Amino acid sequence: QVQLVESGGGLVQAGESMRLSCAASGNIFSINVMGWYRRAPGKQRELVATITSGGRTNYADSVKGRFTISRDNAKNTVYLQMNSLEPEDTAVYYCNAEILNRVTMRTRLYWGQGTQVTVSS
């Protein structure tokens, strides 16, 4: 079994910063891409940022220059540093990871349970 557990959400004021973490655990052989997505109220889930095992990153235009994704491969953990937060960033944030399961030896996408980020104006 593989689990992704997010932490770090909460309530902040506009302009402030917040860091999210997501740790993968369980029957992990290797992890390829890790990423963050979000779903705002009344909207579809959207990509925030992704990072490959080699450190290549990709960002949504709406967060470029404000958010930074990083990962610690030794800890199977991905981070999202969010600066200059805006009310429009309010959403449930989900992490995901493309993981090769060492028991099944199959690769699939796993998702965390989500963490609420609320930015007040």
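1. C95 is buried, at a relative accessible area of 0%, where buried stands for under 20% relative accessible area, exposed for over 50% and partly exposed for what lies in between, with a 1.4 Å probe and protein chains only. C22 is likewise buried, and its relative accessible area is 0%. The model is a predicted one, in which local features need pLDDT of at least 70, side-chain atom pairs count only at pLDDT 80 or more, and totals for chains, interfaces and linings use all residues. Residues are numbered from 1 along each chain as its sequence is written, and side-chain values use heavy atoms, with hydrogens and water left out.

2. C22 and C95 are joined in a disulfide, with 1.9 Å between their sulfur atoms; the criterion is a pair of cysteine sulfur atoms within 2.5 Å. A search of the whole structure finds one disulfide. C22 belongs to strand β3 (residues 18-26) and C95 to strand β9 (residues 91-101), so the pair ties together parts that lie 73 residues apart in sequence. The torsion about the S-S bond of C22 and C95 is about 45°, and the disulfide is therefore right-handed.

3. On secondary structure, the chain has 11 strands and zero helices, both being DSSP runs numbered from the N terminus, with helices (H or I) of at least four residues and strands (E) of at least two. The order along the sequence is accordingly β-β-β-β-β-β-β-β-β-β-β.

4. As to overall dimensions, a compact globule of 121 residues would have a radius of gyration near 14 Å, and the chain, at 14 Å, agrees with this; the radius is taken over C-alpha atoms, and the globule rule is 2.2 Å times the number of residues to the power 0.38. Along the principal axes, the C-alpha atoms of the chain fill a box of roughly 45 × 25 × 25 Å. Of the 121 residues, 42% count as buried. The chain exposes about 6,500 Å², of which carbon and sulfur atoms supply 45%; these areas come from the Shrake-Rupley method with a 1.4 Å probe, and for residues only the protein chains shown count as cover.

5. Among contacts in the chain with a separation of 6 or more, 56% are accounted for by residues 24 or more positions apart, a contact being heavy atoms within 4.5 Å. Leaving aside neighbours within four places in sequence, R102 is in contact with G26, N27, I28 and F29. R102 is partly exposed, with a relative accessible area of 47%.

6. N101 lies in strand β9 and counts as buried at 5% relative accessibility. When residues up to four places away in sequence are not counted, N101 touches V2, N27, F29, R106 and Y110. The side chains of N101 and Y110 make a polar contact at 3.4 Å, meaning a pair of N or O atoms within 3.5 Å, where within protein one must be able to donate a hydrogen and the other to accept it, and residues adjacent in sequence count only if both atoms are side-chain atoms.

7. Two backbone values deserve a look. M105, in the loop between β9 and β10, has a phi near 55°, positive in a residue other than glycine, and is partly exposed, with a relative accessible area of 46%. S84, in the loop between β8 (77-82) and β9, has a phi near 50°, also a positive value in a residue other than glycine, and counts as partly exposed at 41% relative accessibility.
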